Amino acid sequence: MRRLDRQEHEAEEKAYRKYGGNTADPRYQERQRKIDEKYDHKRQKVERNTGKEHREYHRDRHGW
């Protein structure tokens with residue numbers, strides 16, 4: 001998760017610089033929304049893939 005946190009922070013900084021620090025700019029706000037959605041989705045995937053249910057599914061299905 002640290003890597004995702006770092007990547008999200010870097011994307012936010014890039015957007016901030018691109019729009020000159022103007023957080024009221026609608027394009028900045030839209031970009032920030034997309035960044036939030038992207039990294040929320042990635043975190044859900046990580047949690048799902050490392051979750052106990054996921055491991056049990058593969059153990060039962062593949063005999064691991």
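Mentor: Start with Glu30, which is partly exposed, with a relative accessible area of 32%. Keep in mind that this is a predicted model.

Trainee: Which residue forms a salt bridge with Glu30?
Mentor: Look for a side-chain nitrogen of Lys or Arg within 4 Å of a carboxyl oxygen. For Glu30, the closest N and O atoms of the pair are 2.4 Å apart. The partner is Arg33.

Trainee: Why are Arg33 and Glu30 separated by about one helical turn?
Mentor: Both residues sit in helix α2. About one helical turn separates them because of their spacing there, which is three residues.

Trainee: Is Arg33 buried, partly exposed or exposed?
Mentor: Buried means under 20% relative accessible area, and exposed means over 50%. Arg33 has a relative accessible area of 37%, so the class is partly exposed.

Trainee: How many salt bridges are there by this rule?
Mentor: The rule asks for a nitrogen of Lys or Arg within 4 Å of a carboxyl oxygen of Asp or Glu. The Arg33 and Glu30 pair is a salt bridge. The count comes to six.

Trainee: Which residue meets Arg43 in a salt bridge of 2.6 Å, N to O?
Mentor: This pair links distant parts of the chain, 38 residues apart. Arg43 is in helix α2, and the partner is in helix α1. That partner is Asp5.

Trainee: Which residue is linked with Asp5 and Arg43 in a network of salt bridges?
Mentor: Asp5 and Arg43 meet in a salt bridge. The network joins them with one further residue, Glu8.

Trainee: What is the N to O distance in the salt bridge of Arg27 and Asp25?
Mentor: Arg27 counts as exposed, because its relative accessibility is 53%. Asp25 counts as buried, because its relative accessibility is 11%. The closest N and O atoms of the pair are apart by 2.8 Å.

Trainee: Which side chain does Gln32 join in a polar contact?
Mentor: Gln32 is in helix α2. At 15% relative accessibility, Gln32 counts as buried. The contact is 3.1 Å, and the partner is Glu12.

Trainee: Where do positive charges gather on the surface, and which element gives the largest share?
Mentor: They gather in a patch that includes Arg3, Lys14, Arg31, Lys38 and Lys42. The elements that give two or more residues are α1 (2–18) and α2 (26–50). The largest share is six residues, and it comes from α2.

Trainee: What is the relative accessibility of Lys42?
Mentor: Lys42 lies in helix α2 and belongs to the positive patch. Patch residues need over 30% relative accessible area. Lys42 counts as partly exposed, at 31%.

Trainee: What separates the C-alpha atoms of Lys38 and Glu13?
Mentor: Lys38 is in helix α2. At 43% relative accessibility, Lys38 counts as partly exposed. Lys38 and Glu13 are 25 residues apart along the chain, and their C-alpha atoms are separated by 15 Å.

Trainee: How many residues apart in sequence are Arg31 and Tyr19?
Mentor: Arg31 is placed in helix α2 and is partly exposed, at 37% relative accessible area. In space, Arg31 and Tyr19 are 10 Å apart, C-alpha to C-alpha. In sequence, the number of residues is 12.

Trainee: How far apart in space are Glu37 and Asp5?
Mentor: Glu37 is found in helix α2. Glu37 is partly exposed, with a relative accessible area of 47%. Glu37 and Asp5 are 32 residues apart in sequence, and their C-alpha to C-alpha distance is 13 Å.

Methods: Residues numbered from 1 in each chain as written. Predicted model: local features only at pLDDT ≥ 70, side-chain atom pairs only at ≥ 80, totals over all residues. Heavy atoms only, no water. Patch = residues over 30% accessible without salt bridge, like charges linked within 9 Å, V, L, I, M, F, W, Y side chains within 5 Å. Areas by Shrake-Rupley, 256 points an atom, 1.4 Å probe, with all protein chains shown as cover. Lys, Arg positive; Asp, Glu negative; His and termini not counted. Charge placed at Lys NZ, Arg CZ, Asp CG, Glu CD. Helix = DSSP H or I, 4+ residues; strand = E, 2+ residues; numbered from the N terminus. Buried < 20%, exposed > 50% of the residue type's maximum accessible area, 1.4 Å probe, protein only. Polar contact = N/O pair within 3.5 Å; in protein donor to acceptor, adjacent residues only side chain to side chain.
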